[in-house]
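Hi everyone, thanks for coming.

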Amino acid sequence: LSTKGILIIDVITGFFLGLSTLVFIGAVFFYLIKTAIVSGKKAGVAVASGIIIGDILYVVLLLFGFSEVFENEVFVTWFAFFGGTLLVMIGIRYLIKKHDISEATSVSKSSLWIHFTKGFVLNFINPFVAAVWVGFLAINEAQFSSSASVITSLSISLVVIFLTDLLKVFYAEKLRRLLRPSALQKTFNTLGIIMILFGIRLLYEFF
């Protein structure tokens with residue numbers, strides 16, 4: 001194949017791998033949607049930015065040979081413990097907190113950094129996310145003999161994931177205009193239960 005043909009294959013592989021993450025509906029997805037609905041578009045973008053930075057960090061670490069670390073049983077167990085505990089705590093907070101949709105009009109820069117940090121932490125401490133990137137790396141390394149092709153494909157996957165997260169934020173922010181306060185509270189009570197279930201699942205999976 002020509003250089004151009006190889007590049008096209010790199011891009012197509014990365015695109016479809018990135019798109020495949022849409023089927024992985026986890027705790028980070030619900031936190032992203034919740035933030036966009038309650039706190040608006042800017043806060044949602046901050047969460048999406050934190051998520052993608054976590055993904056980028058995983059990719060960089062894997063490219064530098066940390067695959068065995070992410071597959072280490074002790075490492076995964078502690079990651080699962082912290083991740084599961086955090087999700088249960090967030091879920092409980094969702095259940096007991098009164099959510100005010102007017103928060104969206106007064107998001108400060110410090111709040112945006114908090115949303116960014118939460119997006120990063122929720123994504124990065126999830127061992128399932130690490131497993132996904134280990135799998136993506138394995139797929140690329142099996143298909144491509146060139147490290148440049150592997151990096152190109154993974155980079156395209158990252159771009160696709162970030163863009164799809166931005167689309168989720170856009171549509172969730174549109175949805176908040178249609179929700180009444182009572183419906184909003186019920187929605188986040190449901191999200192709280194989902195978060196707790198994800199946390200329990202994470203703890204159960206590895207203990």
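Let me start with a question: where does Phe66 lie? It's in the loop between H3 and helix H4, residues 67-70. Keep in mind that this is a predicted model. With a relative accessible area of 36%, Phe66 counts as partly exposed, because that value falls between the 20% and 50% cut-offs.

Phe66 also belongs to a nonpolar patch on the surface, along with Ile53, Ile56, Val60, Leu63, Phe64 and Ile151. Together they have about 610 Å² of accessible area. Helix H3, residues 41-63, gives the patch its largest share, four residues.

Okay, on to the rings. The count of aromatic pairs comes to eight. One of them is Phe30 with Phe198, a tilted pair at 6.0 Å centre to centre and 40° between the planes. Phe30 sits in helix H2 and Phe198 in helix H9, so this pair ties together parts that are 168 residues apart in sequence.

Trp113 is exposed, at 60% relative accessible area, while Phe116 is partly exposed, at 22%.

Last stop: Asp165, in helix H8, residues 147-176. Is Asp165 buried or exposed? Buried, because its relative accessible area is 6%, and the cut-off is under 20%. Leaving out residues up to four places away in sequence, Asp165 touches Leu32, Ala48 and Ile51.

Methods
Residues numbered from 1 in each chain as written. Predicted model: local features only at pLDDT ≥ 70, side-chain atom pairs only at ≥ 80, totals over all residues. Heavy atoms only, no water. Helix = DSSP H or I, 4+ residues; strand = E, 2+ residues; numbered from the N terminus. Buried < 20%, exposed > 50% of the residue type's maximum accessible area, 1.4 Å probe, protein only. Contact = heavy atoms within 4.5 Å. Patch = residues over 30% accessible without salt bridge, like charges linked within 9 Å, V, L, I, M, F, W, Y side chains within 5 Å. Areas by Shrake-Rupley, 256 points an atom, 1.4 Å probe, with all protein chains shown as cover. Salt bridge = Lys/Arg side-chain N within 4 Å of Asp/Glu carboxyl O. Phe/Tyr/Trp six-rings, centres within 6.5 Å; stacked < 30°, edge-to-face > 60°.
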